[in-house]
Amino acid sequence: MLIEDLNKLKEDIGKEIDKVNYHIRKTLADIRVKVFGKSGSLTALSKGMRDLPNEEKPKVGALINEVRSFLEEKISNKEKAFEEQELVEKLEKEKIDITEPSNDKVGAPHPISAVLDKLTDICVSLGFSVVEGPEIETDYYNFEALNTPKNHPARDMQDTFFINENILVRSQTSAVQAREMEVRKPPFKIICPGKTYRNDSDSTHSPVFHQIEGLVVDENISMADLKTMLTILMKRLFGEDTTIRFRPSFFPFTEPSIEVDVSCPNCHGKGCQTCKGTGMLELLGAGIVNPKVLEISGIDSKKYRGFAFGLGLDRTAMILNSINNIRNFYRNDIRFLNQMK
Ligand code: FA5
């Protein structure tokens with residue numbers, strides 16, 4: 001009789017557990033109490049053991065244990081499955097969709113940042129490292145270490161803002177090359193991008209503008225290396241069909257010095273408004289590093305030579321985007337910036 005009851009309990013409760021789904025998962029706890037609790041059905045049947053003859057007790061005892069572990073396992077398997085499902089639901093609810101746009105206005109890099117990124121990519125692919133320097137600079141690194149002593153007439157070309165007699169906002173990123181030459185051991189290839197300042201203001205000149213400086217110091221550097229490097233740079237920047245023109249120039253820190261022009265990407269050299277009818281656009285200054293500058297920085301000028309170039313990023317962005325007024329970059333007019341996307 002007890003054996004029959006136990007088998008029936010096993011079957012009935014087993015079915016009851018099978019019927020419990022996720023939505024009524026809490027009923028598992030009720031079943032647990034109903035079966036295993038103090039006045040639970042299995043507890044009650046177990047008590048019936050007392051009245052059994054001794055020879056039947058082991059068999060019935062084993063059956064009670066079997067029913068207990070069968071039902072307990074069934075309940076805990078279900079509980080585990082429901083817990084996992086609960087966790088998945090919770091994580092689903094808490095998930096933040098980072099791909100979801102916060103609004104429909106998608107931004108874009110500022111045209112000057114876009115040019116800087118492009119130039120940096122090209123130079124890094126040619127083996128250059130990127131270095132930055134301070135915008136507030138000493139007179140020494142901005143001028144004197146670049147072979148431009150006080151009262152040198154070349155200072156007139158770069159009228160900048162002095163904070164006091166020896167501190168200024170840098171007028172050229174060449175100040176970074178002066179700093180780097182002191183601490184680096186040749187050979188090295190660096191580019192130094194950043195903000196620069198001059199007392200200039202017209203449609204192609206701004207008091208705050210951006211330059212990128214390039215410097216290579218090694219043995220046997222020649223003008224041919226500089227010309228090759230700049231030709232690669234200009235063609236990658238403006239297109240393979242770009243014509244490059246090198247003109248003699250003067251900078252106190254390079255000897256010889258050159259000015260580099262590129263064919264106007266707007267008219268391809270024919271002459272238009274952008275290039276004021278000349279077909280060419282002036283873009284950067286460059287040259288072979290003056291041995292005096294190498295010596296000032298502690299580099300043996302008998303063993304090493306170098307080439308350097310300094311390019312205006314604002315000018316480059318103007319050419320690439322056919323912009324005729326540099327002030328557009330700094331007005332934060334969203335209509336202008338939208339056209340640059
Ligand atoms: C120089 O600043 C030199 N340091 C470049 C150089 C580096 C020469 C290394 C040799 C070796 P320059 O004064 O010409 O050169 O300026 C370089 C570029 O900066 C110009 O071609 C122009 O594109 C840009 N630039 C100069 N002044 C302004 C300004 N006020 N606003 C916008 N761009 C400017």
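## Ligand site and sheet

A polar side-chain atom of Ser174 comes to 2.8 Å from a nitrogen atom of the ligand, a polar contact being a pair of N or O atoms within 3.5 Å, where within protein one must be able to donate a hydrogen and the other to accept it, and residues adjacent in sequence count only if both atoms are side-chain atoms. The model is a predicted one, in which local features need pLDDT of at least 70 and side-chain atom pairs count only at pLDDT 80 or more, whereas totals for chains, interfaces and linings use all residues. Residues are numbered from 1 along each chain as its sequence is written, and side-chain values use heavy atoms, with hydrogens and water left out.

| Residue | Atom on the protein side | Distance to a nitrogen atom of the ligand |
|---|---|---|
| Ser174 | polar side-chain atom | 2.8 Å |
| Asp200 | N or O atom in the side chain | 3.0 Å |
| Ser206 | polar backbone atom | 3.0 Å |

Taken alone, the ligand exposes 680 Å², of which the protein buries 95%; accessible areas come from the Shrake-Rupley method with a 1.4 Å probe, and for residues only the protein chains shown count as cover.

The ligand is surrounded by 24 residues, the closest of which are Gln172, Ser174, Arg198, Asp200 and Ser206, a residue being near if one of its heavy atoms lies within 4 Å. By class, this shell has 8 nonpolar, 12 polar and 4 charged residues, where Ala, Val, Leu, Ile, Met, Phe, Trp, Tyr, Cys and Pro count as nonpolar, Asp, Glu, Lys and Arg as charged, and the others, Gly among them, as polar. S9 gives the most to the shell, with 4 residues; helices (H or I, at least four residues) and strands (E, at least two) are DSSP runs, numbered from the N terminus.

Strand S9 also belongs to an open sheet of 7 strands with mixed pairing, in the order S1-S4-S5-S9-S8-S7-S6, where two strands pair if DSSP finds at least two bridges between them. Strand S1 (129–130) and strand S6 (244–251) stand at the edges, each with a single partner strand, so one side of each has no neighbour in the sheet. S5 and S9 run antiparallel and are joined by 8 bridges, with Ile212 standing opposite Leu311 in S9. S6 pairs in the antiparallel sense with strand S7 (residues 254–263) over 7 bridges, and a hairpin joins S6 to S7 through 2 residues. The bridge partner of Phe251 is Thr254 in S7.
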